[in-house]
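Please look through the sequence and the model shown here before reading on.

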Amino acid sequence: MAEITGVPNVATAAPRPRAEERAETVERPRRNHVFRIITYLVLSAAALIYIAPFVWMLSRSVMNQAEANSAIFLPTDFRLQNYAEVWSGTQSASSGDVRRAFGTYLWNTVRLEVITVTLQTLVSLFAAYAFARMKFPGRDMLFGLFLMTIFVPSVILLVPNLVTVTRLSQASVGACESILTGLGVQVTPQSCSGLKWLDNWPALVFPFLASTFSIFLLRQFFKQIPEDLWDAARIDGAGHTRFLFQVVVPISRAPVLTTVLLSFIGVWSALEWPILVTSSDAWRPIAVALQQYRTEGGQQTQYIMAASVIALLPILALYFITQKQFTEGIATTGLK
Amino acid sequence: MLPLASIIISVGFLRDFSSNRMATLAGEVGQTRQSREPRQTAHSGITAKRGEAILGLLFVAPATIVTIVFGLYPVLLGFFISMQGNKGVLPDGFVGLDQFVRAIGSLAYLIALAVALILVSAGYALFRAAMRRVDHRLNDFAPYLIPAFIAAPFSMLLAVVMFTGSFEYLIPCLIGIGVAIFFYIALRARHPVDNLALSLNSFGMALYLLMATFLVLFTFSEMASYMQPALDVVTTAMAGDRRYGYIFPLDDQFIAFGGLIAGLAAVFAIHTTYRKVPRDIEPGKASFFGALRWLVLFAVIMLGAYLIGAVDAFRATLSELTPEAIQPLTRTRIETVVAQANVWHEVFTISLGILLIVIAYWFWVNAKERETNIGTATFLLASILLVIGGWLFVGELPRAAAAGDEELYRSLLRTVAYAAVCVPAELGLGLLLAYLLFHEVKWGKGFFRTVFFLPYVAPTVATAAVFAMMFTLRPTGVANQILDTFGIPAQQWLRNPDGIFQVVAEIIGGRNTVLPPFLVGPPLPLVSAMIYSIWVFSGYNAVIFLAGLGSVPRDMYEAAQVDGAGHWSTFRHIVFPIISPTTYFLTVLAVIGTFKAFNHIYVLRDEGSRGAMDTTMVYIYETLREGATPQAYTAAISFLLFGIILLMTVIQNRISRDRVFYG
């Protein structure tokens with residue numbers, strides 16, 4: 001599809017002048033210098049307050065336990081092995097304290113991220129494309145149904161979804177066991193445990209597969225893609241699926257990236273649902289583990305801080321790499 | 001609450017839907033376009049169209065299935081669970097509003113009646129929409145009511161069948177719906193244009209009205225059965241006393257209540273007619289209707305007074321109930337009897353109070369239109385008197401609610417305190433920072449913006465864990481160190497359930513100072529959560545406000561400078577109105593966000609604080625997680641929270657309508 005390069009790039013078409021750039025040109029005569037210095041002081045103090053907890057966290061995470069629980073600010077005994085210990089679960093715990101291996105939890109979260117983000121993006125892409133550019137009976141009614149979910153807060157979904165997931169879990173294990181019995185295989189409690197939903201990835205993934213917001217965002221964007229592109233693709237013999245993946249997705253890189261980011265962050269910091277459906281370390285995500293570690297961790301300030309850094313760094317790295325997408329995508333939607 | 005959302009959506013959706021509905025469904029657009037295309041492609045066009053329809057359905061199938069199973073069906077299921085009793089933790093059998101009564105006392109009945117009222121008005125709105133359509137297209141609306149009123153009860157029954165699993169009703173349901181569809185098809189043959197919208201409209205109307213009727217009947221029957229033992233006792237106990245003989249079984253109150261509503265309807269009808277009469281042409285008719293209006297209004301007021309008397313007499317009767325009078329008649333405890341008997345009385349009094357306030361509002365609005373000063377003064381006076389009267393009746397509310405779950409109320413109070421501190425602080429700080437950043441800073445703007453956004457971007461669990469460590473009990477913790485530099489003793493931030501002002505008073509006035517309960521302020525752990533919340537969201541608000549400030553046109557500042565406006569007046573009269581959409585957006589977001597706040601409070605939460613940090617959201621979650629409270633009860637209180645959030649959104653929408661300036 002070489003002709004696509006000639007088409008104006010919809011993704012970056014007509015960027016509005018950035019607010020700050022326009023503001024730079026506002027010339028204010030008789031500007032009071034003292035006032036400006038005070039402003040800088042106020043803003044710097046604010047910035048300090050915003051940054052200080054992060055710095056505090058970093059410095060605590062490399063202290064030994066006595067230092068971490070004292071009032072000093074900078075570590076004298078620089079213990080990078082805190083990270084290694086938190087990672088592998090070999091903390092030198094005093095009596096009553098617990099050990100948790102955050103490497104496992106990070107790996108759990110990464111696995112969950114891969115499954116959820118991939119599936120959710122695919123589901124959203126297909127649905128958004130169909131809603132935006134295909135004709136089928138009941139399309140507008142279905143879209144109205146999707147929009148209804150925006151009004152539904154997560155709190156009223158907790159109980160019924162727990163009931164649904166429990167039932168699905170029992171149903172799939174039960175079906176598997178009866179099939180195995182039918183085949184004449186000896187059934188043990190372990191033989192079908194991979195198919196259960198609770199305390200397994202399906203309970204953590206399936207309820208979040210369809211993000212109404214992503215579908216809505218992508219649909220708005222797909223609608224603006226000029227009809228000529230579709231005509232050209234059709235003449236070249238492409239169907240809807242090829243058109244979607246070879247033309248639509250490449251030119252809508254920006255909104256697709258935004259939805260990917262949103263779904264990534266959503267999975268990373270989810271707490272209320274994962275606590276309810278995970279009971280073992282097999283799929284426990286890092287946010288849940290950190291919450292539990294902080295409740296039971298007691299005196300181990302340095303380890304809790306090291307674990308927090310581990311949970312924080314990937315997202316912060318993502319923030320600094322994709323800062324423009326991040327700020328524009330998340331700031332304007334009010335989602336996190 | 002759920003019906004409200006569905007109303008909001010269905011009204012908007014029907015409007016949206018009507019525009020291209022028929023075209024899409026009958027494929028008219030495709031056909032007209034096709035007729036312009038060369039003839040030879042006509043056949044392949046139809047095949048392609050069918051292929052596209054199948055492919056499109058396939059494309060949306062996964063998303064649709066997930067959304068229905070985990071997004072919409074749970075709402076119905078949750079509502080149904082909330083109406084169930086419990087054997088242990090698990091839901092077990094339909095019990096009606098019992099879980100709601102357990103949560104908020106007899107207030108639950110009032111809310112059910114209010115929801116019924118909302119349903120009726122939604123049905124009326126749909127009726128109006130249909131009539132408007134009839135006016136425009138000269139299409140008959142009435143025939144579609146037949147299939148609608150057949151389909152509506154059977155679909156309601158179908159929903160019940162689906163959730164209770166009593167499949168013996170399935171066949172009658174399907175037959176009923178089949179009959180409705182048959183009627184619809186028959187009608188469609190007669191009126192080929194625009195019948196889908198009309199029938200959907202009348203179906204929605206029938207559904208809303210039937211739901212409202214059922215809700216009212218159910219509420220009253222439930223209340224009656226709930227009351228019956230108490231009433232029997234009271235009637236027997238009072239039988240010898242002629243003074244109160246006429247009160248039971250509440251006939252007078254019912255007649256007066258019904259008469260009041262009928263009278264108000266009559267006033268409304270006469271008022272509408274009166275306004276339609278062309279006064280300069282038919283002065284006789286107009287003055288007749290005017291006089292009638294006043295007459296009926298007077299009758300309504302008299303009826304209201306009578307109802308007040310009847311309710312008050314009932315209250316007097318209740319106060320005559322003594323343990324000695326009741327003891328021989330029943331083994332039920334006297335408190336239970338009185339509590340049950342009070343339900344009626346409370347529901348009556350409060351709805352009357354609300355009615356009076358509504359009438360007062362109507363008087364207040366009408367006062368402006370009076371031509372004479374005396375008329376205006378009379379209306380204003382009447383309005384004020386009515387508000388006072390209404391307020392006295394609404395004052396029953398705390399007593400009606402007192403039977404509910406005390407911990408739920410406390411958590412609601414905490415949530416309100418949390419929102420009342422956080423929302424203004426976050427927005428104010430955010431606006432201040434954004435304003436300084438926008439106008440005074442030449443370099444480093446990007447740096448400041450990145451830093452301000454940082455707390456919001458970081459995963460909540462990690463930063464909240466840091467704050468939990470900073471607010472540690474140890475005197476060496478950061479928060480206590482800061483206090484120490486001011487010479488204040490170390491505090492148990494996350495554990496001390498005392499109110500903040502109580503803590504301050506103890507610091508100033510010594511250990512034994514005790515403040516009155518209404519002055520102690522939010523508990524210290526909640527204050528810690530507020531500090532965290534302000535730390536996170538003020539920076540976020542600053543970044544959004546910064547974008548909003550960029551939308552103020554440059555020449556406006558210049559014009560203001562030419563006019564000699566100072567810093568403050570420029571901000572107050574130019575900048576603030578222009579960024580009002582941003583402010584509105586952020587306010588809605590902040591209010592909803594604080595009511596739904598969960599993650600950071602849950603991480604900061606200390607078991608030792610005896611729930612001092614449990615906002616409603618956390619309370620709901622804990623009842624679910626700890627596994628001792630019935631799931632049905634959790635479902636019920638989460639619906640209550642949903643209702644509160646929805647109500648706040650609607651109120652904010654109303655308030656902002658006149659104050660937000662769009663472009």
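## Basis of the description

This is a predicted model, in which local features need pLDDT of at least 70 and side-chain atom pairs count only at pLDDT 80 or more, while totals for chains, interfaces and linings use all residues. Residues are numbered from 1 along each chain as its sequence is written, chains are lettered from A and ligands numbered from 1 in the order in which they are written, and side-chain values use heavy atoms, with hydrogens and water left out.

## The two chains

Chain A has 16 helices and 0 strands, whereas chain B has 26 helices and 2 strands; helices (H or I, at least four residues) and strands (E, at least two) are here DSSP runs, numbered from the N terminus. Of the 336 residues of chain A, 51% count as buried, and for the 663 residues of chain B the figure is 48%, where buried means under 20% relative accessible area, exposed over 50%, and partly exposed in between, for a 1.4 Å probe and protein chains only.

Contacts, meaning heavy atoms within 4.5 Å, can also be sorted by their separation in sequence. Among contacts with a separation of 6 or more, residues 24 or more positions apart account for 69% in chain A and for 73% in chain B.

Helix α2 of chain A covers residues 33-61, 29 residues in total, and it reaches 41 Å from its first C-alpha to its last, close to the 42 Å expected at 1.5 Å a residue; the expected span is 1.5 Å times one less than the number of residues.

## Cavities

A cavity is a set of points, on a 1 Å grid over the protein atoms alone, where a 1.4 Å probe fits but cannot get out, and its lining residues have an atom within 4 Å of a point. Grid points are joined across faces, edges and corners, and a volume is the space filled by probe spheres set on the points. By this rule there are 6 cavities of 30 Å³ or more. The largest holds about 80 Å³ of space, and its lining consists of R293(B), W294(B), L297(B), W362(B), F363(B), N366(B), R370(B) and F379(B). Helices α10 (283-320) and α12 (334-367) of chain B each supply at least two residues of that lining, which by class has 5 nonpolar, 1 polar and 2 charged residues. In this sorting Ala, Val, Leu, Ile, Met, Phe, Trp, Tyr, Cys and Pro count as nonpolar, Asp, Glu, Lys and Arg as charged, and the others, Gly among them, as polar.

The second largest cavity has a volume of about 50 Å³. Its lining includes W56(A), R60(A), N69(A) and T301(A) from chain A, together with M469(B), R474(B) and T476(B) among others from chain B, and divides into 4 nonpolar, 6 polar and 2 charged residues.

## Residues in loops and a helix

N69(A), one of the residues lining the second largest cavity, sits in the loop between α3 (65-68) and α4 (81-88) of chain A. N69(A) is buried, with a relative accessible area of 13%, and, leaving aside neighbours within four places in sequence, it is in contact with Q299(A), T301(A), R474(B) and T476(B). P475(B), by contrast, is exposed at 53%; this proline lies in the loop between α17 (460-470) and α18 (478-485) of chain B and touches N480(B), Q481(B) and A490(B), not counting residues up to four places away in sequence.

S106(B), in the loop between α4 (98-104) and α5 (107-137) of chain B, counts as buried because its relative accessibility is 7%. S106(B) and E346(B) are 240 residues apart in sequence, yet 7.8 Å apart in space, C-alpha to C-alpha, and E346(B) is among the contacts of S106(B), as are V343(B), V347(B) and A400(B). T582(B), placed in helix α23 (residues 580-596) of chain B, is likewise buried, with a relative accessible area of 15%, and touches I544(B), F545(B) and G548(B) beyond its neighbours up to four places away in sequence.

Definitions and conventions:
On a 1 Å grid over the protein atoms alone, a cavity is a set of points where a 1.4 Å probe fits but cannot get out, and a pocket is an open set with protein on both sides within 12 Å along at least five of seven lines; lining residues have an atom within 4 Å of a point.
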